[in-house]
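Please look over the sequence and the structure shown below. The briefing after them is arranged by topic and is meant to be read alongside the display.

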Amino acid sequence: MKKHKILMMVGSLLLLLLFAFPLWNITLEAPQYPTPLGMDIYINKFEDMHPHDIKNINLMNHYVGMKYIPETIPEFKIFPVVIAVMVILGVFIGLKANYKWYLIWFILMLVLGIAGMYDFYLWEYNYGHDLDPKAIMKFTNPDGSIMGFQPPLFGSKDILNFKAHSYPRLGAYGMFFGMFLTFIAYLLGKKEAKKVKSN
Amino acid sequence: MFMMGCGNNGNKTQEKAGALGSNAAEKVYVAPGEHDEFYAFLSGGYSGNVTVYGLPSGRMLKEIPVFSQFPTSGYGYSEETKPMLNTSHGFIPWDDSHHPDISQTNGELDGRFIFINGNNTPRIAKIDLSVFETTEIIEIPNSAGNHSSSFVTENTEYVVAGTRFSVPVPQVDMPINEYKGKFKGALSFISVDPEHGHMDLKFQIIMPGFNYDLSHPGRGNSHGWFFFSTYNTEEASTLLEVNASQNDKDFIAAINWKKIEEYVNNGGGKKMPANYAHNVYDESTHNATSTMKKEVLVVDPTEVPGAVYLLPTPKSPHGCDVSPDGEYIIGSGKLSADLTVHSFTNMLKAIEDKKFDGEAYGIPIMNYDDVVAGVVKSGGLGPLHTEFDAKGNAYTTFFISSEVVKWKLGTWEVIDRKPTYYSVGHLMVPGGNSRKPFGKYLIAMNKITKDRYLPTGPELEHSVQLYDISGEKMELLSDFPSHGEPHYAAGCPADLLKPKSKKFYKMEENKHPYAIKAPQDAKVVREGSNVHIYMSTIRSHFTPDNIEGIKVGDNVYFHITNHEQDFDVPHGFAMIGANTSEILVMPGQTKTITWQPKQVGVWPFYCTDFCSALHQEMQGYIRVSPQNSDIKLSWSLDGE
Ligand SMILES: [Cu+2]
């Protein structure tokens, strides 16, 4: 089989890692938590990094009026389907289709990825800003507006006494690398097509 | 610092104090946030507890209540823990805790449990080292002054409880001056279930009416034997100071417990009526139960030939310590200057050759010269206790001359001596009662403190002194006050316990009959004049908080469940006017305390442990109405 075909299929199959490993992780560090609190985000669930971390995050966050992190969100129904469809589609394209389809798959995946990130951002924004008006503690920004407690989308950020870290995990790395492979597959396919033409 | 040093040693030490002083400070310094290398568990004597210290820093880490009520946590006050202090004499909220010993496997510390004896109302307690809590207490019948206790055999097959006072067995109303020949000394062997650690009084050996002072297990070759020092072999019953000091030699009793175990397993011994409590704390129900046992199996040692021998030992021996290899049994004559060291091999040989020097109540007495391996001519006064390092050295405390003497096993030569401040009783090397001592540090537990610390009125806490014993000469590193009267101690490397330490109780494993699984299950239930309040705690509120419809004369039970699931987040609960104590409830735990309101009014309760930024707001009220009032039971849930 052609090398680019294999790459295309391997690339899309790497997305399957998302079903076994977390996509993202948010970790909260503070002096009184020598073992930081953390939450792993999978495509279909939130999970404690250490037993009861989410419960403890909720307990702590209720002081500033944040809602409890929900057991589940609608995305957890949609994401697995989208990923499964993309894997099947990717393998199908790798087997049967012209290399140009690789690029279409890649762009589609990129758009879906960005949409997913944007959705995640919205969720985080809402989680960090939709505060109980009767909150025990109220903090304001220097300009007088109510302070939000949104964790960063990517990177690290100080939130009151906590340092919040938000970074991709193995599932996401698998997805990024898989997408990268499909793009390489496209380039290889294109190169080969040129060669065939010039012959 | 060394001005109080005694005699010839004072000067020598003083010269080095300058340079070594700073060096010693470095050796005990544990930087903020760093952990100590060893745990030391000191018996609390008349405080009835065990206190836990870190070594080398000497920082006190925890006080574990064992035989005493303890308002800090509610131990012995809460409904769940009250049964722990039940005995055949009723509820006894105090005892005199003496000798802790850590459980062993193959003669090495395994860090599962600590056993400790209650001296006054004979009891043995077990502390679970994953939670540092007392989880089992067994009372010892036919015993009095449970002193030669609680030491464990090589695989924790048994914990022993030897009686200090001989008493009539069974108890009977009789003239005290008929003591001789009629009083008996019970040596109890309590089996420990290898899996769960549950204790069971398997058999008692009914010995002559001596006083059984201290004991140690054999190990290695002598595994299967237990050794008990005795005094008052005169069997005097009055003015013992004089009358029990007449014999030049008392005995160390050598007990072949394997032989007696075999005898018992084959149906030997006889069942005798008894009455003693066995109290067990169950970690899943968070509740203790007390069961009264009605029978004990007793063994007459003369019916098991070859199981018990008496080793003559001069002069009222106190300590009875066995070297790590199990070969030497060291007897310290309180009234002597010398240590008598018996050889286990010599003893076996003499038994084989049937060389005896008479008998006492049918028990063979060995020839002193046949069993003695050597004598340490120490030059000190009042030797008491001996511990060992891993290099063939022994360390003995001298009460009267206030010093620790280091000497060599086998050659019996004295290598070093250091003063203590003052009047030292026991000493402890971590792993000291095992085949594997960790010979880096030694602590001496002194009976008298005098001018060592800032004065605190007529009473000072006893002083503990820490010595570095890694070199040829001992070095005094530091001293620190302890709590109560520490007798013996047990120590082990921190690495043995740290990984096993429990951080909280899992809520889903809480099987307490009055637990609620979540705050929304909180409720108040009246059953006649008993009112059960199922209450939840979480940072920073109680659910329910305002309760009305309670009446004077009611019996109110507060069943508090702490719904936190995080390390070190207890909540407390205290009720105004309660005739008990507060309780401290660990994450995932349920505890119950009672209150009998006597006056009408609106009475507050609150959280006693500063749990969060809003700890002060963690409070509520109970409205108490007259007995004939018809106010309905009501309460508020989470602000509603
Ligand atoms: Cu609290």
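The points that follow cover helix packing, the interface between the chains and the backbone.

This is a predicted model. In chain A, helix H3 (residues 75–96) packs with helix H4 (residues 100–129) and also with helix H1 (residues 3–13). Chain B and chain A bury about 900 Å² between them.

**Helix packing in chain A**

- Two packed helices are described by the angle between their axes and the distance between the axes.
- For H3(A) and H4(A), the angle is about 170° and the axes are 10 Å apart. Because angles over 145 degrees count as roughly antiparallel, H3(A) and H4(A) are roughly antiparallel to each other.
- On the side of H3(A), the contact is made by Glu75(A), Phe79(A), Val82(A), Ile83(A), Met86(A), Leu89(A), Gly90(A), Ile93(A) and Gly94(A). H4(A) contributes Trp101(A), Tyr102(A), Trp105(A), Leu108(A), Met109(A), Leu112(A), Gly116(A) and Asp119(A).
- Sorted by class, this contact of H3(A) with H4(A) has 12 nonpolar, three polar and two charged residues.
- H1(A) and H3(A) pack at an angle of about 175°, and their axes are 8 Å apart. H1(A) is therefore roughly antiparallel to H3(A).
- From H1(A), the residues Lys5(A), Met8(A), Met9(A), Ser12(A) and Leu13(A) take part. They meet residues of H3(A), including Met86(A), Gly90(A), Ile93(A) and Gly94(A).
- The contact of H1(A) with H3(A) has eight nonpolar, three polar and two charged residues.

**Interface of chain B and chain A**

- Of the area buried between the two chains, 56% is on carbon and sulfur atoms.
- Chain B gives 12 residues to the contact, and chain A gives nine residues.
- Arg539(B), Gln565(B) and Leu614(B) supply 52% of the area that chain B buries against chain A, more than any other three residues.
- The side of chain B that touches chain A has four nonpolar, four polar and four charged residues.
- Across the interface, zero salt bridges are found, whereas six residue pairs are in polar contact.

**Backbone features in chain B**

- Most residues other than glycine have a negative phi, and most peptide bonds are trans.
- The peptide bond from Ser149(B) to Ser150(B) is cis, with omega near -5°. Ser150(B) belongs to strand E10 (residues 146–152) of chain B.
- A cis peptide bond also runs from Val169(B) to Pro170(B), with omega near -5°. Pro170(B) is in the loop between strand E12 (167–168) and strand E13 (183–192) of chain B.
- Leu239(B) is not a glycine, yet has a positive phi of about 40°. In chain B, Leu239(B) lies in the loop between strand E16 (225–231) and helix H2 (240–243).

Methods: Residues numbered from 1 in each chain as written. Chains lettered and ligands numbered in written order. Predicted model: local features only at pLDDT ≥ 70, side-chain atom pairs only at ≥ 80, totals over all residues. Heavy atoms only, no water. Axes fitted to C-alpha atoms, helices over the stretch in contact; angles between N-to-C directions. Helix = DSSP H or I, 4+ residues; strand = E, 2+ residues; numbered from the N terminus. Parallel < 35°, antiparallel > 145°, perpendicular 65-115°, else oblique. Contact = heavy atoms within 4.5 Å. Nonpolar A, V, L, I, M, F, W, Y, C, P; charged D, E, K, R; others polar. Buried area = accessible area lost by both parts, 1.4 Å probe. Salt bridge = Lys/Arg side-chain N within 4 Å of Asp/Glu carboxyl O. Polar contact = N/O pair within 3.5 Å; in protein donor to acceptor, adjacent residues only side chain to side chain.
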